[in-house]
Amino acid sequence: MKMGIIGAGAIASCMARTIGPMQEVEAYAIASRNLEKARSFADEYGFEKAYGSYEEMVADPEVELVYIATPHSHHYEHMKLCIEHGKPVLCEKAFTQNAAQAREILALAEEKKVFVTEAIWTRYMPMRWKLDEILASGVIGEPLSISATLSYVISQNERIYRPELAGGILLDCGVYPINFASMVFGDDFSDVKATALLNDLGVDMSTNIALTWPDGKTAYLHADARVADDRQGIVRGSKGYVVCKNINNCEGLEVYDTNHQLVASYETPAQITGYEYEVLSCMKALQEGALECPEMPHSETIRIMELMDRIREQIGVVYPNER
């Protein structure tokens with residue numbers, strides 16, 4: 001499969017390092033608004049084609065899958081460009097800047113019969129399924145409570161502090177604790193409460209989220225652009241708890257009983273970067289003629305975007321093009 005990338009920044013570099021060693025994928029094309037940047041990227045990572053515009057790349061008939069690695073604010077227009085040219089899309093999280101954009105893009109993809117999926121890599125990784133197995137085994141009893149956090153010192157990054165880039169920590173990092181909770185307890189939560197600290201430009205630098213489900217399950221989620229943290233996700237049950245070491249790319253799972261004694265531990269399989277699983281899922285879906293990946297169906301993408309809209313409404317974050 002010949003893969004193209006829109007955007008030549010840090011996340012695109014990670015994907016390039018991923019697909020380079022993959023036997024199933026060819027690092028075919030890179031597109032940037034700056035041709036010299038695209039050429040430099042192509043030389044560094046061994047891409048065959050370098051384009052100085054996104055429009056040129058999506059017009060290339062050889063491109064079979066496009067990975068979108070631009071800021072959240074641009075996902076909508078870049079996915080639309082790809083879909084209108086019939087190009088299957090793997091779009092980096094957060095899928096769009098709001099649920100309305102997500103619904104419009106997915107409706108267009110359905111109309112045009114073009115494959116689209118969200119690159120929330122934790123949905124595709126083997127350790128996600130291992131966690132499901134552990135919980136289903138009953139070793140921790142009934143899962144009742146979750147805590148999850150993901151924070152990095154990134155408040156100085158443009159994509160974080162600039163409102164016009166759909167900045168803030170929620171869409172960048174907060175989406176991971178939210179997805180962690182959603183994968184364990186589902187999306188039928190009955191209540192959402194959020195608080196945040198905003199910067200001078202009006203986007204969130206620190207966000208706290210509390211979710212409640214009708215059956216009494218709860219989740220307490222946190223993300224912060226000013227500090228680093230342990231990145232842990234913990235699922236607590238009536239007989240013990242499971243610790244996910246790094247919810248952003250699980251580095252192992254540990255099971256404890258109610259006396260805090262280690263019961264079992266599970267190592268993460270060897271990987272290239274972890275991005276390979278979403279690429280392989282895209283390949284399989286395309287081979288089967290599907291328009292979405294089962295690991296992250298369109299309905300789930302919309303639900304997560306709707307939740308983040310509710311959170312932004314509570315914390316008072318509005319992007320310039322939403323006013």
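The buried residues of helix H10 are His298, Glu300, Thr301, Ile302, Ile304, Met305, Leu307, Met308, Ile311, Arg312 and Ile315. The model in which they are found is a predicted one. Helix H10 spans residues 298-315 and thus comprises 18 residues. The distance from its first C-alpha to its last is 26 Å, close to the 26 Å expected at 1.5 Å a residue. An α-helix has 3.6 residues a turn, so residues three or four places apart point the same way. The buried residues of H10 pack against several elements, namely helix H5 (99-112), strand S6, helix H8 (169-185), strand S8 (191-198) and strand S9 (204-212). After H10 comes Gly316, which has a positive phi near 80°.

Strand S6, one of the packing partners of H10, also belongs to an open sheet of six strands. The strand order in this sheet is S3-S2-S1-S4-S5-S6, and the pairing is parallel. Strands S3 and S6 (116-119) form the edges, each pairing on one side only. From one strand to the next, the twist averages 20°. Within the sheet, strand S1 (residues 2-6) runs parallel to strand S2 (residues 26-31), and five bridges join the two. In this pair, Met3 stands opposite Ala27 of S2.

Ser53 is buried, its relative accessible area being 14%. A polar atom of the Ser53 side chain lies 3.1 Å from the backbone nitrogen of Glu56. When residues up to four places away in sequence are not counted, Ser53 touches Ala31, Ser32 and Arg33. Of these contacts, Ala31 falls at the end of the range of strand S2 (residues 26-31).

Five of the five residues of S12 are buried, so the strand is largely enclosed by the rest of the structure. In a regular strand the side chains alternate between the two faces of the sheet. Both faces of S12 are covered, with Gly240, Val242 and Cys244 buried on one side and Tyr241 and Val243 buried on the other. Strand S11 (residues 233-237) is joined to S12 by four bridges in an antiparallel arrangement, and Val235 stands opposite Val242 in this pair. The two strands form a hairpin, with two residues between them. S12 also pairs with strand S13 (residues 253-257), in the antiparallel sense and over five bridges. Here Tyr241 stands opposite Tyr256 of S13.

The cysteines were examined for disulfides, taken as pairs of sulfur atoms within 2.5 Å. Cys82 counts as buried because its relative accessibility is 0%, and buried means under 20%. For Cys293, the closest cysteine sulfur belongs to Cys282; at 4.3 Å, this pair is likewise too far apart for a bond. Cys293 is also buried, with a relative accessibility of 0%.

Technical notes: Residues are numbered from 1 along each chain as its sequence is written. This is a predicted model: local features need pLDDT of at least 70, side-chain atom pairs count only at pLDDT 80 or more; totals for chains, interfaces and linings use all residues. Side-chain values use heavy atoms; hydrogens and water are left out. Buried means under 20% relative accessible area, exposed over 50%, partly exposed in between (1.4 Å probe, protein chains only). A polar contact is a pair of N or O atoms within 3.5 Å; within protein, one must be able to donate a hydrogen and the other to accept it, and residues adjacent in sequence count only if both atoms are side-chain atoms. Contact means heavy atoms within 4.5 Å. Two strands pair if DSSP finds at least two bridges between them. Axes are lines fitted to C-alpha atoms, for helices over the stretch in contact, and angles run from 0 to 180 degrees between N-to-C directions. The expected span of a helix is 1.5 Å times one less than its number of residues.
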